[in-house]
Amino acid sequence: MTKRIAVFVGSLRKESFNRKMAKVLTALAPGSLTLEIIEIGGLPLYNQDYDDEGKPLPAWTEFRNRVKSFDGILFVTPEYNRSVPGVLKNALDVGSRPYGQSVWEGKPGAVLSVSPGAIGGFGANHHLRQSLVFLNVPAMQQPEAYIGGAAKLFDANGNITNESTRELLLKFLDAFAAWIAKNPSGSL
Ligand SMILES: Cc1cc2nc3c(=O)[nH]c(=O)nc-3n(C[C@H](O)[C@H](O)[C@H](O)COP(=O)(O)O)c2cc1C
């Protein structure tokens with residue numbers, strides 16, 4: 001059966017390389033996976049008071065319920081100051097609460113980072129993994145995907161121009177499909 005994967009993009013920029021990458025991954029995904037981008041730009045900043053008072057903001061509740069319905073999660077993110085962009089960290093925080101009701105719990109996942117720089121967002125990729133350990137998200141280790149040189153990676157239609165990157169993405173997606181099959185959501 002096809003597994004539904006929620007994709008979170010750590011950039012709100014119109015011409016975001018990471019959003020382009022998320023779209024490419026959606027198109028290249030094998031038949032066993034359906035990728036869907038979940039928008040996180042409109043999520044209000046997390047404030048624990050609303051949960052403590054039993055009045056979570058409707059946008060948070062909608063986001064939490066939506067994420068729960070997916071079989072897996074994929075993060076496609078740039079690096080901001082060697083770490084995870086605030087918009088993505090906020091989405092993680094919103095989904096992680098109220099305490100004991102995290103929507104991330106046990107959901108198999110993967111991380112791919114994209115940057116115009118040479119290090120390919122390594123810092124963001126690994127800071128994100130630090131949170132995923134705490135959130136009990138089994139995050140695929142291999143193949144690692146730190147995609148650098150993003151400014152030259154896409155043509156005007158958002159297609160990947162470079163065959164070796166395309167091959168890496170296909171390998172990444174195949175491994176991810178196997179990872180999802182091996183670690184079904186809720187099996188931890
Ligand atoms: C606040 C900020 C911090 C940044 N810090 C880094 C960084 O630490 N490492 C890096 O490789 N690029 C950094 N960049 C450059 C981003 O990689 C670049 O803007 C990239 O295009 C963002 O991804 P996007 O195209 O998906 O929006 C930073 C950009 C911004 C706006």
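Colleague: Let me start with Asn 90: which residues does Asn 90 touch, not counting residues up to four places away in sequence?
Modeller: A contact here means heavy atoms within 4.5 Å. By that count, Asn 90 touches Leu 43, Pro 44, Leu 45 and Tyr 46, with residues up to four places away in sequence not counted. One caution before we go on: this is a predicted model, where local features need pLDDT of at least 70 and side-chain atom pairs count only at pLDDT 80 or more, while totals for chains, interfaces and linings use all residues. Residues are numbered from 1 along each chain as its sequence is written, and side-chain values use heavy atoms, with hydrogens and water left out.

Colleague: Which backbone oxygen does the side chain of Asn 90 reach at 3.3 Å?
Modeller: A polar contact is a pair of N or O atoms within 3.5 Å; within protein, one must be able to donate a hydrogen and the other to accept it, and residues adjacent in sequence count only if both atoms are side-chain atoms. At 3.3 Å, the side chain of Asn 90 reaches the backbone oxygen of Pro 44. A polar atom of that side chain also lies 3.4 Å from the backbone oxygen of Leu 43.

Colleague: And how many residues of helix H4 are buried?
Modeller: Helices (H or I, at least four residues) and strands (E, at least two) are DSSP runs, numbered from the N terminus. Helix H4 spans residues 86–96 and is mostly covered, with eight of its 11 residues buried. Among them are Val 87, Leu 88, Asn 90 and Leu 92. The cover over the buried residues of H4 includes S1, helix H3 (58–68), S3 and helix H5 (122–134).

Colleague: Which residues touch the most other members in the largest nonpolar core?
Modeller: A nonpolar core is a set of buried Ala, Val, Leu, Ile, Met, Phe, Trp, Tyr and Cys residues joined through side-chain atoms within 4.5 Å. In the largest, which has 30 residues, they are Met 21, Leu 25, Leu 35, Leu 74, Leu 112, Leu 169 and Phe 176. Strands S1 (3–9), S2 (33–37), S3 (72–77) and S4 (109–114) and helices H1 (17–28) and H6 (163–182) each give two or more residues to this core. H6 supplies the largest share, seven residues. Apart from this core lies another, of 25 residues, including Leu 43, Phe 70, Leu 132 and Val 137.

Colleague: Which residues surround the ligand?
Modeller: A residue is near a molecule if one of its heavy atoms lies within 4 Å of it. Around the ligand stand Ser 11, Arg 13, Ser 16, Phe 17, Asn 18, Pro 78, Glu 79, Tyr 80, Asn 81, Arg 82, Ser 115 and Pro 116. This shell divides into four nonpolar, five polar and three charged residues. For those classes, Ala, Val, Leu, Ile, Met, Phe, Trp, Tyr, Cys and Pro are nonpolar, Asp, Glu, Lys and Arg are charged, and the others, Gly among them, are polar.

Colleague: Last one: is Ser 185 buried or partly exposed?
Modeller: With a relative accessible area of 33%, Ser 185 is partly exposed. Ser 185 sits in the segment after H6, and its side chain makes a polar contact with the side chain of Lys 107 (3.3 Å).

Terms used. Buried < 20%, exposed > 50% of the residue type's maximum accessible area, 1.4 Å probe, protein only.
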